[in-house]
Amino acid sequence: MTSMRPLLLFLTLCLLPCVAASQDLGTEAQRAEGKVLYDVKCAHCHGYNGDAVSVATAYLHPTPRDFSSGNYKFRSTPSGELPTTEDIKRSIREGMPYTSMPAWEDILSESEITALAYYLKTFDQAFAGPYGNPTVIEIPQAPRYNTDEAHLTRGRAVFEANQCADCHGENGRGNGPSAPDLMDDWGYPIRPADMTKRWTYRASPTREDIYRTFTTGLNGTPMPSYQQTIEEEDRWALVDYVWSLSEDDPDYGTVVTATGRPGPLDLAGDVDLFVNVPEAYFPIVGQVIEQGRAFHPGVNGIAVRAVYNETDIAFQLSWHDMTAETTGMNHPGLKVAMFDPDQPDTTQGNWSDAVALLLPAAMPEGLERPYFMFGDPRNPMSIWYTDLAADSARVLSGQGSNAITETDFQLEHTANYNDGKWTVTMKGARQHGDMIFAEATFVPISFTVWDGYANERGNKRGLSAWYHVYLEPMERVSAAGPMAKWALIVLLVELALVGLVRWRTSRQRNK
């Protein structure tokens, strides 16, 4: 048998050119065009050798794809196999939401995308070998979305039986017990998908795509294929259950509408305080302008509600967080060293979760707002802040990242972490200093979240743009009363005029 090995190796080497000729590798001209495009538009993240070794690698999370490994997450082929040309083109065309990989469909032509896909295949010689023509799994058209309770219960049972909650959490918020320790094949931390936010899915959020992910798995990640372990019917039940956990899109808001309520605002005892109060949801992005840059913040959105009475206003802030950091400390004024890819931040475990809502220190005139780096000397900022490792909340004054000071204003607050979700409330006076929350007024507001697990503190944070909180008038004057009043007055005037005309006419006839 041993004597046959050289012969088999010889035959294999002889056959390789024939095998390569049958693979979908494009023409030499297409690959040359693809190289030109790649070197200009892709190499700064994926490296000139396709190995994800570049000047940008340390700044990006998730790490750019290593094309030399042959490990492609999003495919229409079985687990462990190479992708098809169409799979690669789709990833280029559509991009990866909530990563640094943009969609190129409006920038590159279809022929350029094809040329680029062929060039990517040159980084891994396996594409030219016998595995370069993989089997394609036909993904069936999704059946009608089934909202029947029994069907969704079945999907939930499949979710539990296959231990999906270990990574994705009991209710799909990406907070399972295994989530903090997950690594990809290159040893980089990787977070499981938050199934309650379909718009963040990297490989499209359609039901067919979710089914494909369950079927093919995601090469290079802990996400396995369930093609052999879950029957097709159960896979569709699982798809529908996961689909039921999320809305179609985030429906981002622009205004927090504060509801007026007479009487005290009891944060701790009134469980109905924020019931039926409208919620606004805002995106959170990384602060990447000043030192302490958060290139990949741990939180990507925050939900906000507000109520007020005659003297106070209360805000409820909630967001999803993989873990709750309730030890250590945090503060907006903490100094953060300049990011150095050769000396990564290894202080994990020392920083707590924290949140703040940011307001102008005085109601601005016109469109000018305080600088979002915690204000500036000309336009200072009030920072309603709570460190979630401390049992306190307070108002800080900001005149810039390096000029944050304490004030005498204290805030009532509550904080609760449950199943991957923080819910924090803060209550303060409607007037403190020169800032007044007046009824029927739009007050500028923005938000900051610190994820301690991601080593966020000081100016290393997730933040929002400027939005507004609008205090809906507590007492609405009905238009019906004034309308009825004036209608009656007009009627009486008309009757009086008619009576006067008749009286004068009658006197003239009697003369």
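What covers the buried residues of α6? I found that the cover includes α7 (165–168) and α9. Helices are DSSP runs of H or I, at least four residues, and strands are runs of E, at least two, numbered from the N terminus.

This is a predicted model, in which local features need pLDDT of at least 70, side-chain atom pairs count only at pLDDT 80 or more, and totals for chains, interfaces and linings use all residues. Residues are numbered from 1 along each chain as its sequence is written, and side-chain values use heavy atoms, with hydrogens and water left out.

Entry on α6. I listed its buried residues as His151, Leu152, Gly155, Arg156, Val158 and Phe159. They lie on the same side of α6, because they cover an arc of only 160 degrees around the axis, taken from the directions from the helix axis to the C-beta atoms. Glu149, Ala150 and Ala161 are exposed on the face turned away from that side. Buried means under 20% relative accessible area, exposed over 50%, partly exposed in between (1.4 Å probe, protein chains only).

Entry on the loop. I located Pro370 between β6 (354–360) and β7 (381–387). Is Pro370 buried or exposed? It counts as buried, because its relative accessibility is 5%. Leaving aside neighbours within four places in sequence, its contacts (heavy atoms within 4.5 Å) include Pro360, Met381 and Trp466. Pro444 is 74 residues from Pro370 in sequence, and their C-alpha atoms are 9.6 Å apart.
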